[in-house]
Amino acid sequence: MTATASLTSFDRLDAMLACATARRPAHRISGKVARISPTYIVVTGLSKFVSIGDAVSISGVGGSVLAEVASIEAQVINVTPFIADHRIELGARVTALSGQLTLSPHGSWLGRTLNALGHPIDDQGPLTVGDRAVPIQGSPPAAMRRSRLGDPLTTGVKAIDLFTPICAGQRIGIFAGSGVGKSTLLAMLSRAPSSDVTVLALVGERSREVRDFLDDTLSASRDRVVSVVATSDESPMMRRLAPSAAMCIAEYYRDQGKNVLLIIDSLTRYAHAMRELALASDEPPVARGYPPSVFSALPRLLERAGTGEEGAGTITAVLSVLVDGDDHNDPIADAARGILDGHIVLDRSIASQGRLPAVDPLVSLSRLAPKIRTKKQAQYTTQLIESISRFEDTRDLRAIGGYRPGSDITLDRALDIVPRLYEALKQDLNEPPVEDVFAFLSQTLPSPPRSNSPSSR
């Protein structure tokens, strides 16, 4: 046989082998369930064939149960199911799947509602599968390949555009206790006219409120919102996975060149789910019951938001942080502030006065505000904050009649401006977004704090 004929035979053999491999899936490695606990399942026979974070399928009584590898020992592995009401028996077969969980997003997902695994839950039929599968637990772009931050993002919420302006690709948190108006403010932000797509993650929400939030609060912008929902009654695995799934979908639209608004409500419930799983794996608590892995997981998730590589779009992330007991030194709130590019603080006393959204301008901060505002706008905003500070500092003094008008020109100016400013900044879901808050205030407030009024951008 000549060398040419031998080469042709080998080429033909390679082609036949490739065809056979494509038609018949590769063999799968499996183990068995050795022990079952309320939080995890011990499996034998797979220690050498899986990595932490890999997905496995367990043969349950009612069908296959999806789980994730949590820890690996020499003879056994611990896996955590994604559903809490599984029916798994001892000796059940456990099959290792091909790596970590993936999603295949598609442009037609706009207007749809998914669970944390990417399955539709809105009774609108199956989802169209995209042509590329990407890991749900993805990685952020390299620091030196990221593009610079984009243009200012007009949210339409007067209090935010005035005191804490947001830039495309920025990550900002809304910090508040329960019942202060976080969800309503997030719904107002979802209508931002500067964003192309909104991806919403509802983590640990009450089942009763999900339908109301999607059908009523988001009714005006529902057709450009992709919602990922993991309710409070679902397993901590689903609640932990929901923000990552939403981030994965946002990255898909960002890579298409779109400006994406990502809303996660709330980051605290994501941290609670992480804490449940970590404590079940015997990880020691270090800060008010939170194990170290929670604080390493937060930056891994949040760093995925922001600008993409050159030529891609942006992910502007707005995340609500539930401040337990109105304590803003809560470990999760403190860790989030150190990662995010700003924080919007909602105050319960402001909400009780009927001033909604209850944004406290004296403690809220946008780290990118100096890059967004013009010089005159920055001066105008500073003068407003000075007037608000003066007004609030003397509230008790004025309440007991301890101040006589005319004694302090600066305070007199604040007494004239601040009440009208508070009234002008009130806003609810029924009001249309305001495109230029400085132009709006120049018409609403007849006399600015000082001589100069800001010019519109």
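**Pockets, cavities and local geometry**

Modeller: In this predicted model, helix α6 gives the most residues to the lining of the largest pocket, namely 6.

Biologist: Which elements give two or more residues to the lining of the largest pocket?

Modeller: The largest pocket has a volume of about 1000 Å³. Its lining counts 41 residues, and those nearest its centre are E68, A70, R240, M274 and L277. The elements that supply two or more lining residues are β4 (63-72), β5, α5 (236-255), α6 and α7.

Biologist: Between which domains does the largest pocket lie?

Modeller: The domain assignment divides the protein chain into domain 1 (30-96), domain 2 (102-368) and domain 3 (376-444). Residues of both domain 1 and domain 2 occur in the lining of the largest pocket, so the pocket lies between domain 1 and domain 2.

Biologist: How many residues of the largest pocket's lining are nonpolar, polar and charged?

Modeller: The lining of this pocket comprises 41 residues. By class, they divide into 19 nonpolar, 14 polar and 8 charged.

Biologist: What is the volume of the largest cavity?

Modeller: A cavity is a space where a 1.4 Å probe fits but cannot get out. The structure holds 4 cavities of 30 Å³ or more. The space in the largest cavity amounts to about 110 Å³.

Biologist: Between which domains does the largest cavity lie?

Modeller: The lining of the largest cavity includes A159, F163, I350, R355, L356 and P357, and also Y422, L425 and K426. By class, this lining has 9 nonpolar, no polar and 2 charged residues. Both domain 2 (102-368) and domain 3 (376-444) give residues to the lining, so the cavity lies between domain 2 and domain 3.

Biologist: How far apart are the C-alpha centres of domain 1 and domain 3?

Modeller: Domain 1 spans 30-96 and domain 3 spans 376-444 in the assignment. The distance between their C-alpha centres is 60 Å.

Biologist: Which residue pairs are joined by a cis peptide bond?

Modeller: Most peptide bonds are trans. In the loop between β15 and α6 (267-280), where S266 is placed, a cis bond has an omega of about 5° and joins D265 and S266. In the loop between α9 (348-352) and β19 (365-366), where P357 is placed, a cis bond has an omega of about 0° and joins L356 and P357.

Biologist: What is the phi of D123, and is the residue buried or exposed?

Modeller: Most residues other than glycine have a negative phi. D123 lies in the loop between β8 (113-114) and β9 (134-135), and its phi is positive, near 60°. With a relative accessible area of 80%, D123 is exposed.

Biologist: What is the phi of R288, and where does the residue lie?

Modeller: R288 has a relative accessible area of 54%, over the 50% cut-off, and is therefore exposed. R288 is not a glycine, yet its phi is positive, at about 50°. Its place is the loop between α6 and α7 (292-302).

Biologist: Which elements do the buried residues of α3 pack against?

Modeller: Helix α3 (residues 182-189) is mostly covered, with 6 of its 8 residues buried. The buried residues are K182, L185, L186, A187, M188 and L189. They pack against α2 (158-163), β12 (171-176), α4 (207-217), β15 (259-265) and β17 (314-322).

Biologist: Which residues is I77 in contact with, leaving aside its neighbours within four places in sequence?

Modeller: I77 is placed in strand β5 (residues 76-81), and its relative accessibility of 0% is under the 20% cut-off, so I77 counts as buried. From I77 to Y40, 37 residues away in sequence, the C-alpha to C-alpha distance is 9.9 Å. Beyond those sequence neighbours, I77 is in contact with I41, V42, V43, L46, S47, V50, V69, S71 and I72.

Biologist: How many disulfides does the structure hold?

Modeller: C167 counts as buried at 6% relative accessibility, and C248 counts as buried at 1%. A disulfide requires a pair of cysteine sulfur atoms within 2.5 Å. The number of disulfides in the structure is 0.

Note on methods: Residues numbered from 1 in each chain as written. Predicted model: local features only at pLDDT ≥ 70, side-chain atom pairs only at ≥ 80, totals over all residues. Heavy atoms only, no water. Buried < 20%, exposed > 50% of the residue type's maximum accessible area, 1.4 Å probe, protein only. Helix = DSSP H or I, 4+ residues; strand = E, 2+ residues; numbered from the N terminus. Contact = heavy atoms within 4.5 Å. Domains from an automatic or database assignment. 1 Å grid on protein atoms, 1.4 Å probe; cavity = no way out; pocket = protein on both sides within 12 Å on 5 of 7 lines; lining within 4 Å. Points joined across faces, edges and corners; volume = space filled by probe spheres on them. Nonpolar A, V, L, I, M, F, W, Y, C, P; charged D, E, K, R; others polar.
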